[in-house]
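User: I have a model open and a few things to ask about it. Can we go through them one at a time?

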Amino acid sequence: MQARVAEVCQGRCASAAQAYFDAMTAAGHAWLDAAARPLTPLQAWEDATQYWSDFGQRSLLFWDTLRQRGNNWLEHEKAGKPPLLAFDYEIVADARTFARPVNYALARIEAPPGTRTDPDRRAYVIIDPRAGHGPGIGGFKADSEVGVALRAGHPVYVVIFFPEPVAGQTLADVARAEAEFLRIVRARHPARGKPVIVGNCQGGWAAMLVGALDPDCAGPIVVNGAPMSYWAGNDAENPMRYAGGMLGGSWTASLASDLGGGTFDGAYLVENFEYLNPANTYFGKSYNLFAKIDTESERYLEFERWWGGYFLMNREEIRWIVDNLFVGNKLAAGSAEWSEGHTVDLRAIRSPIILFASLGDNITPPQQAFNWVADLYPTTEELKASGQVIVGLMHESIGHLGIFVSAGVARREHAQIVDLLEYIEHLPPGLYGMQVEERTNGASRYDVVLRERRVEDLQQLQKYARKDEVPFAAVETVSELNASLYETFVHPVLGALVTPEAGKVARACHPLRARRWAISDLNPFLAPLKGWAEFARAHRTPRDEAGPSVASERLLAASVTAGWDLYRQLRDAAVENLFYNVYGPVSVLAPAEPAAEKLVPLPGGEMPAIREALARIEEGGFTEATVRAALLAARLGPREKRLSTAKHIRELVGREVGLLDLAAGEASHVVRQQSYIVEHEPERALATLPALVRTAEQRQRLLNILERLTDTIDLAPEQRALMPELQRVLAPTTLSQPPRRPAGRGKSQRAHR
């Protein structure tokens, strides 16, 4: 492994140098093109004077924008840091009043003027990440997860949280509170069953946690940009996964908590995010504001209002997260204890799951978002046998925050997810890849294509068959040792020395906070800035965008950015090389056990569900017969399913089939049972179809439905060839000799739906 790591490191360094050279070459050519433009001395003088006048004005406006940012931060702090939602809301339940209180609450979103929601439609519950920042990112703007769900007519609720945790609260208490929120929502909207849960980033694994601990209260789960397999990633692509090992494990989280008087400051987590891209953190974001000061200020201030709201955690909460997730990777292995003696098994989730990740996300790379599926279900057959439906959606380029806040992503991806959730519980068990395609005609701008995938296909996300995850087990061992030493020798001392009051002072002086309150109206030296900025804004001087002065500025900016990028790439290569050289040899002494091998089989296993379905192959009614006939046809057609086609079929025959009249869970059970039958015994499934529709009237109804679909839906030749077989099997003459029926069917028989 060390030889491969060294080779990768050398390759990364060479690539970094080449990227720096290419960036500087491109910037240099752009400057030469501008400098080559012939100018008279007067034109050169005008270009210089206009540029420096504009530069001075932009400087005033830039610092005034930072002053406004500081004032916004102070106002937000004074107001108690309420959720930064673009919608009005009301608090429905406050978990601070629960028997086991936590700093969470359930808020109902009020539909804006012109938008109508239907209380009888399935409700949405959105869980935002508690990972340093405050709540509201799921409804940060009109085009957001909240916005698209409201426009689709769904009642929407948001799980919010307050800045400071309740003393003694644990993540187990938080999970219980969120489960109670789901029960409250379901009681308020009983017509359509369990609510949809949408989890963003850290809120994604929180949603999965609730779905596993209380499957009866969770509907379909949408997981956006959420890390679930924390050791996963690829060399030279995902540097954040090495942080736990390079810091020696979870003891640093305990240290930060002790220095905060027993409270962990979320600003440390935000620092970790900013550490990933120093070019943007230390130069790019500020320069973008400076360069576009006339148009960028409003967007910058709005985002910074959320980015600068730092929330707190208990010492126990951050320790659980680091030990069980970031370092231990225990969630996928089923060994994460949510309370003493009780572990979380994600296979207990019975609701469909949609996973949304992006190739451009360097905080939650796709491997961390998807690999847990292969850990829980090593083969496609095991996934199907479990009855689970998992849909994966991959964006090509958007960054981590863009998954949640991008208006374009909301209108395209999130809107189609909402659309798909109307149909997802009628999908047969399996793994599906979701693709959003633009349409050139039709009422909708987009269409969703689902292609059935195999769990084994997830290996394509990996470069080295996950062998690079082996040293992370050694990190877990080292972390446990360091944490034990810290708790024994350091924690008792710091815990006694640093009081909660001292922790508050330390948090106020954190650089991320200090840069805000120091550049605000609290600073008397900035008193004239507002007036100067208003004067500059009223007398803006235009500049020549194609002139040599502006080109020189852009050359300098490109040079600084390229330099920071070079530093980042060399730093990440060095960290990765050091990580594997330190933990690679140690991992030989502490070999990793694959997460799948740590899992304890569920009681009764999964195959009994298939055996039960086959034993009931002649049981059911009209709905089961129609679903079986549709699945028999679908298995002969293309592997892709279009949502537009599903909508058309529902419009044509949806109510006649009877599936829509069933509760969501019962409808899923019908589809799941019939899919087992069709997949494992297709010939018997066809032959025993008459046992489900015993009267001539029912058979004619079924044949009429099939005929209508054949006339209006594009079918493959094999599917059309099946239709005469169905007509033969369902012909009225077969009524004279009905198939033998098993004894003891009792109330399970449904002749009509």
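User: What covers the buried residues of helix 24?
Analyst: The cover includes helix 25 (643–657), helix 26 (664–680), helix 27 (682–687), helix 28 (696–712) and helix 29 (717–729). Cover is by contact, meaning heavy atoms within 4.5 Å. Helices are DSSP runs (H or I, at least four residues), numbered from the N terminus.

User: Where do these values come from?
Analyst: This is a predicted model, where local features need pLDDT of at least 70, side-chain atom pairs count only at pLDDT 80 or more, and totals for chains, interfaces and linings use all residues. Residues are numbered from 1 along each chain as its sequence is written, and side-chain values use heavy atoms, with hydrogens and water left out.

User: How many residues of helix 24 are buried?
Analyst: 11 of its 13 residues are buried, so helix 24 is largely enclosed by the rest of the structure. Buried means under 20% relative accessible area, exposed over 50%, and partly exposed in between (1.4 Å probe, protein chains only). Among the buried ones are F622, E624, R628 and L632.

User: And what about A35, in which helix is that?
Analyst: A35 lies in helix 1 (residues 2–35). A35 is partly exposed, at 37% relative accessible area. Its C-alpha atom is separated by 66 Å from that of P215, 180 residues apart along the chain.

User: Switching to the core. Which residues touch the most other members of the largest nonpolar core?
Analyst: W205, M208, L346, W372 and I390 do, out of 77 residues in that core. A nonpolar core is a set of buried Ala, Val, Leu, Ile, Met, Phe, Trp, Tyr and Cys residues joined through side-chain atoms within 4.5 Å. Helix 4 (residues 171–188) supplies the largest share, eight residues. Another core, of 54 residues, lies apart from it, and includes V146 and Y432.

User: What is W205 in contact with?
Analyst: Leaving aside neighbours within four places in sequence, W205 is in contact with L171, A226, P227, M228, Y230, W320, I321, L325 and L331.

User: How much space lies in the second largest pocket?
Analyst: About 1100 Å³. A pocket here is an open set of points on a 1 Å grid over the protein atoms alone, where a 1.4 Å probe fits, with protein on both sides within 12 Å along at least five of seven lines; lining residues have an atom within 4 Å of a point. Of the 43 lining residues, M240, A243, G244, N272 and F326 are the closest to its centre.

User: Which helix gives the most to that lining?
Analyst: Helix 8, with seven residues.

Notes: Grid points are joined across faces, edges and corners, and a volume is the space filled by probe spheres set on the points. Helices (H or I, at least four residues) and strands (E, at least two) are DSSP runs, numbered from the N terminus.
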